[in-house]
Amino acid sequence: MDADLGAYIRAQIAKVNLIAMDRIWDNGFRQTTTSTKPVQTPDDFRGMKLRVPVSPLWTSMFKALDASPASINFNEVYSALQTKVVDGQENPLAIISTAKLYEVQKYCSLTNHMWDGFWFLANRRAWEALPDEVRGTVAKHINAAGLKERDDVAKLNATLQQDLAARGLVFNRPDPAPFRDKLRAAGFYTEWKAKYGDEAWSLLERSVGKLA
C-alpha cells in the first residue's frame, strides 16, 4: 500500500474529490472467533453463521467458503454472539479484546483472511484552499503518525494473543493454502478481479503473487 497499488488507489479516491494521505494506517489482519469449534480447514466454515460487516466483499468471501454470513452492525455484535444469533465473527485481535468478545466466544482461529487499513482523507476543495506550507506540514505529520501507528499495532498484536488466551480464548493457526484454493475454486478472486479491474488486480498480484 506504500507502493504502486497504494498510489493507484489514492488516484481513484482523488476522482471523487477526496485527497488521501500517502501512508495508510493499519487496522491489522482479521481473525475468526467462534463459540462452536475452531476453524482448522475451509470445511469448518460450511454452514457456520458468521457475523460480517455490512460489506459485499466480506459477504462474498464467506459465501465462497460455504459459511452463512450475516451482515450486522458492530454495535450489535456482542449481543448477537451472546444470544447465538450467530456462531462467530471476524475482527483484528485488538477489536476482539476491546469489545470483550472473549466473554461470548471460545475459539480464535488465526486465519489472517483479510487485512484492512484506513486512509486519512481531506476534502479536495478545502485542502487545496490551504497554503502549500500548511498542507505540507499536515501531510508530513499525519504520514509520520501513520508509521508510528503501524508499529503500535504490531506490538499490540504480539502481546494480545497471550492476554486473550489468559481470558479463556483457545487459539489455533490453520494453514492458509487450502483456504486460498477454496476461494480460487469458488470463483471469489475472479469475481473481484472483474470488479476492481485488470490494472488494480495486476498491481495487487505484483505484491502478493498470483491469485485469480
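## Charged side chains

The protein chain carries 28 positive and 25 negative side chains, and the centres of these two sets are 2 Å apart. Lys and Arg are counted as positive and Asp and Glu as negative, while His and the chain ends are not counted. Each charge is placed at NZ of Lys, CZ of Arg, CG of Asp or CD of Glu.

## Basis of the values

The model is predicted: local features require pLDDT of at least 70, side-chain atom pairs count only at pLDDT 80 or more, and totals for chains, interfaces and linings use all residues. Residues are numbered from 1 along each chain as its sequence is written, and side-chain values use heavy atoms, with hydrogens and water left out.

## Overall form

The protein chain contains 9 helices and 8 strands. These elements are DSSP runs numbered from the N terminus, with helices (H or I) of at least four residues and strands (E) of at least two. The C-alpha trace spans about 55 × 35 × 25 Å along its principal axes.

Of the 212 residues in the protein chain, 41% are buried; buried denotes under 20% relative accessible area, exposed over 50%, and partly exposed in between (1.4 Å probe, protein chains only). The accessible surface comes to about 11,600 Å², and carbon and sulfur atoms contribute 54% of this area. Areas were computed by the Shrake-Rupley method with a 1.4 Å probe, and for residues only the protein chains shown count as cover. Among contacts (heavy atoms within 4.5 Å) with a separation of 6 or more, 68% join residues 24 or more positions apart.

## Two loop residues with positive phi

Most residues other than glycine have a negative phi. N17 has a positive phi, near 65 degrees, and lies in the loop between α1 (4-14) and β1 (18-20). With a relative accessible area of 46%, N17 is partly exposed.

D66 also has a positive phi, near 70 degrees. This residue is located in the loop that runs between α2 (56-64) and β4 (68-71). D66 is partly exposed, at 30% relative accessibility.

## A buried glycine in a strand

G88 belongs to strand β5 (residues 88-91). Its relative accessibility is 0%, so G88 counts as buried. Leaving aside residues up to four places away in sequence, G88 touches T33, T34, K49, L50, R51, L81 and Q105. G117 is 29 residues from G88 in sequence, and their C-alpha atoms are 22 Å apart in space.
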